Amino acid sequence: MQHVKVPQDRIGVLIGEGGETMREIESRAEVRLDIDSESGSVAIESVGDPVSALVAPDIVKAIGRGFKPETALTLLDDDMRRFELIDLSEQTRNDNDLRRQKGRIIGEDGRTRELMEELSGASVVIYGSTVGAIGDAEEVDAVRRAVGMILDGAPHGAVYAFLEEKHRELTRGPDLA
C-alpha cells in the first residue's frame, strides 16, 4: 500500500462529483483509494494488475498538484507517459523570489506556460511552489530544461528559441537520407 498527500483544496477534484473521478481511477488503475478528506492523505492499494497500480500514485499526485483528472489519467494510456514535479521552493531563496520566478514561468497572461505546453507537447501546470509536467519523456525533459533556464535567469527569448528547436526535433520525422 502506498500513501500520497493531496492539498485540501484538491480533495474534491480527486473525488469528483458523486465520487466519479475516484471510481474511474480505481477502475482504470486497478486500485482501491482510501481518501481521508480531513488530512488529505490518500492510501492506494493494488487490487489488480500491479503494473497499472504503480501509476496510480502519480495520477493522484498529478491531480493534487493541479492537473485535470482527464490529463492525469493519460498516464495510463502509454508506458512512455511521465509525470514530473519540479519543486521551485528548492531553487528559490525566499517567498519573494518564489513569487517572482513563478511569474516568469507563467509569463504575461500565462503566455510562457502556454508556449511551454504548445512547443513541448507536454501538459504543464503551476500550482503552489511546483511546476508539474505530464508527457512523453522527451516532452517532460524539454519542460524541465525550459523551467531550469528561466530559474537560471535566461531571457524569455532564449527559452522560446530552445523550445522551438525542441519542437522541431520532436515533430520532425526520422531522416530518410
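I worked from a predicted model, where local features need pLDDT of at least 70, side-chain atom pairs count only at pLDDT 80 or more, and totals for chains, interfaces and linings use all residues. Residues are numbered from 1 along each chain as its sequence is written, and side-chain values use heavy atoms, with hydrogens and water left out. Helices (H or I, at least four residues) and strands (E, at least two) are DSSP runs, numbered from the N terminus.

**Strand E6.** I looked up burial for residues 130–136. Buried means under 20% relative accessible area, exposed over 50%, partly exposed in between (1.4 Å probe, protein chains only). In E6, 6 of the 7 residues are buried, so the strand is largely enclosed by the rest of the structure.

**Partners of E6.** I count two strands as paired if DSSP finds at least two bridges between them. Strand E4 (residues 81–87) runs antiparallel to E6, with 7 bridges. Asp87 sits opposite Thr130 there. Strand E5 (residues 123–127) is also antiparallel to E6, over 5 bridges. Here Val125 faces Gly132. E5 and E6 make a hairpin with 2 residues between them. In that turn, Gly128 has a positive phi of about 60°.

**Helix H7.** I checked the length of residues 137–151. The expected span is 1.5 Å times one less than the number of residues. For the 15 residues of H7 that gives 21 Å, and the end C-alpha atoms are 21 Å apart, which agrees. Its buried residues include Glu139, Val140 and Leu151. Among the elements covering the buried residues are E4, E6 and helix H8 (156–171), by contact (heavy atoms within 4.5 Å). Just after H7, Gly153 takes a positive phi of about 95°.
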